[in-house]
Amino acid sequence: MAYSEKVIDHYENPRNVGSFDKADEGVATGMVGAPACGDVMKLQIKVNKAGIIEDAKFKTYGCGSAIASSSLVTEWVKGKTVDEAATIRNTQIAAELALPPVKIHCSILAEDAIKAAIADYRKKYGAGDADAGKKAAD
Amino acid sequence: MSLAIRKKPIYLDYSATTPVDPRVAEKMIPWLTEQFGNPASRSHGYGWEAEEAVENARVEVAKLVNCDPKEIVWTSGATESDNLAIKGAAHFYKTKGKHLITMKTEHKAVLDTLRELEREGFEVTYLDPEPDGLLDLDKLKAAIRPDTILASIMMVNNEIGVIQPIAEIGEITRAKGIIFHVDSAQATGKVAIDLDKLKVDLMSFSAHKTYGPKGIGALYVRRKPRVRLEAQMHGGGHEKGFRSGTLATHQIVGMGEAFRIARLEMAAENERIGKLRDKLLAGFRDMEEIYVNGDLEQRVPHNLNVSFNFVEGESLIMGMKELAVSSGSACTSASLEPSYVLRALGRNDELAHSSIRFTLGRFTTEADIDFAVKLIKERIGKLREMSPLWEMYKDGVDLNTVQWAAH
């Protein structure tokens, strides 16, 4: 499998690997995938009072494309509002990393991981913060 | 490719293929350029010398496995030998019965051939291996029916290197009058094979797993008691009608020389390689959550198949680009297929996805192994730091209790 240079760069120098304490203020966690399928992604976001994602971390079990997709989205979500982050699409991830067709599922999983983290955030902190995020986006 | 690997990786994938031994390559060359005759040409010296070379090579193949050279049929490789043996015998003996027996851990060349026979109306029993990869003889006995005509069990498994009890299986099948086919592609030069003692009726061989060229193999067809086959390739009636097609003299010479070297050197070579394999395994001993796949005793010395739990195989291979190894996780399509061999052993998906096959060979050195151990430890450490499964394991989470969203 020939990987693009961007995939190899993210694989060899992954950005934002690690974990936040789930109990910390503003931290939300999304975990998607299954070991049986060969991919599990954990994406965490840390959202400030203004509804902006201040920091993000990931851990991924999966192929190089899965690691690169999750590494890339941690970079992308940082500085965005929660609502802005929710608009990231797998097609953008796949295009940025030049993923081959057989690896598109890795980008879909990364999009799902963002959505899962945002859903966790809204569940934990209520819709009010999501509105705050929307205002910040306007 | 823009990211060309600067130095060639260390080759630890000898079960995929081996380099042609330089001594073999040297012997082959004149048969391409100067002595190019067709071994089937009876009317001139070009043909006669080619025929003599082919027959000398046949003797060498026969000597390695202790059979009569007349029992060796040249083919294009083990896949063709498996097809000829299984389809040929099934078609010839179909009036005796329609039941065939094999194992779930066989090579695809056997499994897919049997699937084709199922489409033709034959019935196939696929036996499960024990967790160590070996066949339980009682399960074989229980699977035999009055209409069983053929059993096909490989000698050495290509993924996990375990050696099946071929002698014992042969006693069972011979007593029941069942044709016994053995794929020995991974066995030659690694396991002593004595067809005078083994009650095997058909045996497949390949040259390129034993330092010979690709594209040449052979099928052993027993003469006493005689085994009959229906030919799969029709034409000029070469190889006593078993397999038509002009013989590839240079390839055959190469296989003969490769098997001659294997016969003379295998004892010393296996001892040396076995020590290197043990050194490789010893290098992993202080790592957590590693699992050797397949029995370590009933195994060729060249093979080590290890699962590094909580690390996915393809990312592992990517992280070890300085090593040429194989993964049990075939991530080549949208649906990830873990190794069917490891799944048949009862390994869970995580472990099947996390496996690496190291296969050592004639040109593996101690320095190669030292380098590999150091590299693997470093890269596994890095990937585990990145793995949410490793984190959960370290936090004491039982992964079997987690509700995963399959995708």
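In chain A, A:Gly38 has a positive phi near 85° and sits in the hairpin of S1(A) and S2(A), where four residues lie between the strands. The model described here is a predicted one.

S1(A) and strand S2 (residues 39-47) of chain A run antiparallel and are joined by eight bridges. Within this pair, A:Val27 stands opposite A:Lys46 in S2(A), and A:Met31 has A:Lys42 in S2(A) as its bridge partner.

Eight bridges also connect S2(A) to S3(A), and these strands run antiparallel. Here A:Gln44 has its bridge partner, A:Lys57, in S3(A). The hairpin of S2(A) and S3(A) has five residues between the strands, and in it A:Gly51 takes a positive phi near 85°.

| Hairpin | Residues between the strands | Residue and phi |
|---|---|---|
| S1(A) and S2(A) | four residues | A:Gly38, near 85° |
| S2(A) and S3(A) | five residues | A:Gly51, near 85° |

How many of the nine residues of S2(A) are buried? Eight of them are, and S2(A) is mostly covered.

**The contact between the chains**

Chain A gives 27 residues to the contact and chain B gives 28 residues. On the side of chain B that touches chain A, helix H9 (313-319), helix H11 (349-353) and helix H13 (388-394) of chain B each supply at least two residues. Sorted by class, this side of chain B has 14 nonpolar, eight polar and six charged residues.

B:Phe205 lies in strand S7 (residues 202-206) of chain B. Is B:Phe205 buried or exposed? B:Phe205 counts as buried because 29 other C-beta atoms lie within 10 Å, and the cut-off for buried is 20 or more. Apart from neighbours within four places in sequence, B:Phe205 is in contact with several residues, among them B:Val61, B:Ala78, B:Ser184 and B:Gly217. B:Gly45 is 160 residues from B:Phe205 along the chain, and their C-alpha atoms are separated by 30 Å.

B:Gln298 is found in the loop between strand S9 (290-292) and strand S10 (303-308) of chain B. Why does B:Gln298 count as partly exposed? The reason is that B:Gln298 has 15 C-beta neighbours inside 10 Å, a count between the limits of 12 or fewer for exposed and 20 or more for buried. Not counting residues up to four places away in sequence, B:Gln298 touches B:Leu134, B:Val162 and B:Ile163. B:Gln298 and B:Gly133 are 165 residues apart in sequence, while their C-alpha to C-alpha distance in space is 9.5 Å.

How values were computed
Residues are numbered from 1 along each chain as its sequence is written. Chains are lettered from A and ligands numbered from 1 in the order in which they are written. This is a predicted model: local features need pLDDT of at least 70, side-chain atom pairs count only at pLDDT 80 or more; totals for chains, interfaces and linings use all residues. Two strands pair if DSSP finds at least two bridges between them. Two residues are in contact if their C-beta atoms, placed from the backbone, lie within 7 Å. Ala, Val, Leu, Ile, Met, Phe, Trp, Tyr, Cys and Pro count as nonpolar, Asp, Glu, Lys and Arg as charged, and the others, Gly among them, as polar.
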